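This briefing walks through one predicted model, topic by topic. Please keep the sequence and the structure open beside the text while reading.

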Amino acid sequence: MGSSSRKRKGTSGNKKMFKKKKNNLSGIDDSNAKKMFDELCDAEDPTTIPLEGICTLGEKLGIDALEDIRILVLLWKMGCPEKPGQMSENEWMQGCARLQVDSWKQMKDLLPTLDTGFLEQTEFKDFDKFCF
């Protein structure tokens with residue numbers, strides 16, 4: 001009657017039930033990335049994150065979106081092509097896949113890599129064109 005003969009509770013072979021569902025193409029949980037987008041999008045146009053949503057993104061990451069250049073680096077690295085103060089749902093989803101993030105924690109963990117000092121010279125030129 002030793003404890004080794006007893007089956008541990010909750011260890012049935014059904015581990016897949018608790019695994020996150022990842023999109024095979026993007027490598028992220030698309031539903032989580034979409035939930036993140038939904039927290040930032042415009043109530044009147046739910047297909048776009050406006051400047052107010054970008055500010056909310058900054059708050060979620062613990063940075064001031066109006067003062068901290070890392071928000072611009074993040075938007076640029078996500079592939080926001082034309083308007084740094086606005087982002088479409090498609091751009092958001094592609095950006096999350098590109099950066100392999102589907103949670104606020106993962107995105108926050110990227111902050112140290114968003115310093116412009118770490119950009120290669122060619123990257124910096126592209127980033128400069130994006131901003132100006």
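Of the 132 residues in the protein, 34% are buried, where buried means under 20% relative accessible area, exposed means over 50% and partly exposed lies in between, with a 1.4 Å probe and protein chains only. Because this is a predicted model, local features need pLDDT of at least 70 and side-chain atom pairs count only at pLDDT 80 or more, whereas totals for chains, interfaces and linings use all residues. Residues are numbered from 1 along each chain as its sequence is written, and side-chain values use heavy atoms, with hydrogens and water left out.

**Overall fold**

- The secondary structure comes to 6 helices and 2 strands, taken as DSSP runs numbered from the N terminus (helices are H or I with at least four residues, strands are E with at least two).
- Read along the sequence, these elements follow the pattern α-β-α-α-β-α-α-α.
- Among contacts between residues at least 6 apart in sequence, 55% join residues at least 24 apart, a contact being heavy atoms within 4.5 Å.

**Nonpolar core**

- The largest nonpolar core has 34 residues, and those with the most contacts inside it are Leu57, Leu74, Met78, Trp92, Cys96 and Met107; such a core is a set of buried Ala, Val, Leu, Ile, Met, Phe, Trp, Tyr and Cys residues joined through side-chain atoms within 4.5 Å.
- At least two residues of this core come from each of helix H1 (30-40), H2, H3, H4, H5 and H6, and H3 gives the most, with 6 residues.

- In helix H3 (residues 70-78), the buried residues are Ile71, Val73, Leu74, Leu75, Trp76 and Met78.
- The cover over these buried residues includes helix H2 (51-61), strand S2 (87-88), helix H4 (89-99), helix H5 (104-109) and helix H6 (121-131).
- After H3 comes Gly79, whose phi is positive, near 95°.

**Packing of H3 against H4**

- The axes of H3 and H4 come within 8 Å and cross at roughly 95°, the axes being lines fitted to C-alpha atoms over the stretch in contact, with angles running from 0 to 180 degrees between N-to-C directions.
- H3 and H4 are therefore roughly perpendicular to each other, a description that applies from 65 to 115 degrees, while angles under 35 count as roughly parallel, over 145 as roughly antiparallel and the rest as oblique.
- On the H3 side the contact is made by Leu74, Lys77 and Met78, and on the H4 side by Glu91, Trp92, Gln94, Gly95, Cys96, Arg98 and Leu99.

**Trp92 and the aromatic pair**

- Trp92 counts as buried because its relative accessibility is 0%.
- Leaving aside neighbours within four places in sequence, Trp92 is in contact with Ala33, Met36, Phe37, Leu40, Ile49, Leu57, Met78, Met87, Trp104 and Met107.
- A search of the whole structure finds 1 aromatic pair, and this is the tilted pair of Trp92 and Trp104, at 6.3 Å centre to centre with 55° between the planes.
- For such pairs, the ring centres of Phe, Tyr and Trp (its six-membered ring) lie within 6.5 Å, and planes under 30 degrees apart count as stacked, over 60 as edge-to-face and the rest as tilted.
- The pair links distant parts of the chain, with Trp92 in helix H4 and Trp104 in helix H5, 12 residues apart.
- Trp104 also counts as buried, because its relative accessibility is 19%.

**Gln100 in the H4-H5 loop**

- Gln100 lies in the loop between H4 and H5 and, at 42% relative accessibility, counts as partly exposed.
- Although 72 residues separate Gln100 and Ile28 in sequence, they are 6.1 Å apart in space, C-alpha to C-alpha.
- Not counting residues up to four places away in sequence, Gln100 touches Ser26, Gly27, Ile28 and Gln106.
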